[in-house]
Amino acid sequence: MLFQISDAFKSRLHDSNSKVNQVALETMHKMIPLLKDSLSPVINMLIPAIVDNNLNSKNPGIYAAATNVIQALCQHLDRSLLLQPFCTKAQFLNGKAKQDLTEKLA
């Protein structure tokens, strides 16, 4: 069931409609404290979807929501689960997304 929900979120996190994208991020932000480490099987699928377009978004609402999701992941998940996906994404990002993710890694 977690994989089905994650697949649905992944699609919404890449949605071309910015309002849908932002609501998906805001909803994920609310879900993370509830799910915590049970997200570990899907974290490698979710982090790229959260980071790819959203952390470099010029839309301030999407950028803020993506930043909040990353912060919630850092607060509520075992950080060792985040190290590999954050490192992988940080290698291939540019701009403020690379800076934000590098700061989280530090």
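How many nonpolar, polar and charged residues does the lining of the largest pocket have? By class, six of its lining residues are nonpolar, one is polar and two are charged, where Ala, Val, Leu, Ile, Met, Phe, Trp, Tyr, Cys and Pro count as nonpolar, Asp, Glu, Lys and Arg as charged, and the others, Gly among them, as polar. The structure is a predicted model, in which local features need a pLDDT of at least 70 and side-chain atom pairs count only at pLDDT 80 or more, while totals for chains, interfaces and linings use all residues. Residues are numbered from 1 along each chain as its sequence is written, and side-chain values use heavy atoms, with hydrogens and water left out.

**Confidence**
- The protein chain has an average pLDDT of 91, and 100% of the residues score at least 70; pLDDT is the predictor's confidence in each residue, from 0 to 100.
- Among the elements of the chain, H4 has the highest mean pLDDT (96) and H1 the lowest (86); helices are DSSP runs (H or I, at least four residues), numbered from the N terminus.

**Nonpolar core**
- The largest nonpolar core holds 31 residues, and Leu25, Met28, Ile32, Ile50, Leu73 and Leu82 have the most contacts inside it.
- Such a core is a set of buried Ala, Val, Leu, Ile, Met, Phe, Trp, Tyr and Cys residues joined through side-chain atoms within 4.5 Å, and buried means under 20% relative accessible area, exposed over 50%, and partly exposed in between (1.4 Å probe, protein chains only).
- Beyond residues up to four places away in sequence, Ile32 touches Leu39, Val69, Ala72, Leu73, His76 and Leu77 (contact means heavy atoms within 4.5 Å).

**Pocket and cavity**
- The largest pocket has a volume of about 180 Å³, and its lining consists of Gln71, Cys74, Arg79, Leu82, Leu83, Phe86, Lys104, Leu105 and Ala106.
- H4, H5 and H6 each give two or more residues to the lining of this pocket, with the largest share, four residues, coming from H5.
- On a 1 Å grid over the protein atoms alone, a cavity is a set of points where a 1.4 Å probe fits but cannot get out, and a pocket is an open set with protein on both sides within 12 Å along at least five of seven lines; lining residues have an atom within 4 Å of a point.
- One cavity of 30 Å³ or more is present, and the largest cavity has a volume of about 70 Å³, a volume being the space filled by probe spheres set on the points, which are joined across faces, edges and corners.
- Leu2, Ile5, Ser6, Phe9, Met28, Met31, Ile32, Leu35, Leu39 and Leu46 line the largest cavity, to which H1 and H2 are the elements giving two or more residues.
- The lining of the largest cavity divides into nine nonpolar residues, one polar and no charged.

**Loop residues**
- Lys36, in the loop between H2 and H3, has a positive phi of about 45° although it is not a glycine, and is partly exposed at a relative accessible area of 42%.
- Leu77 lies in the loop between H4 and H5 and is buried, with a relative accessible area of 5%.
- Leaving aside neighbours within four places in sequence, Leu77 contacts Ile32, Lys36, Asp37, Leu39, Ile43, Ala72 and Leu82.
- The C-alpha atoms of Leu77 and Pro33 are separated by 8.5 Å, with the two residues 44 apart along the chain.
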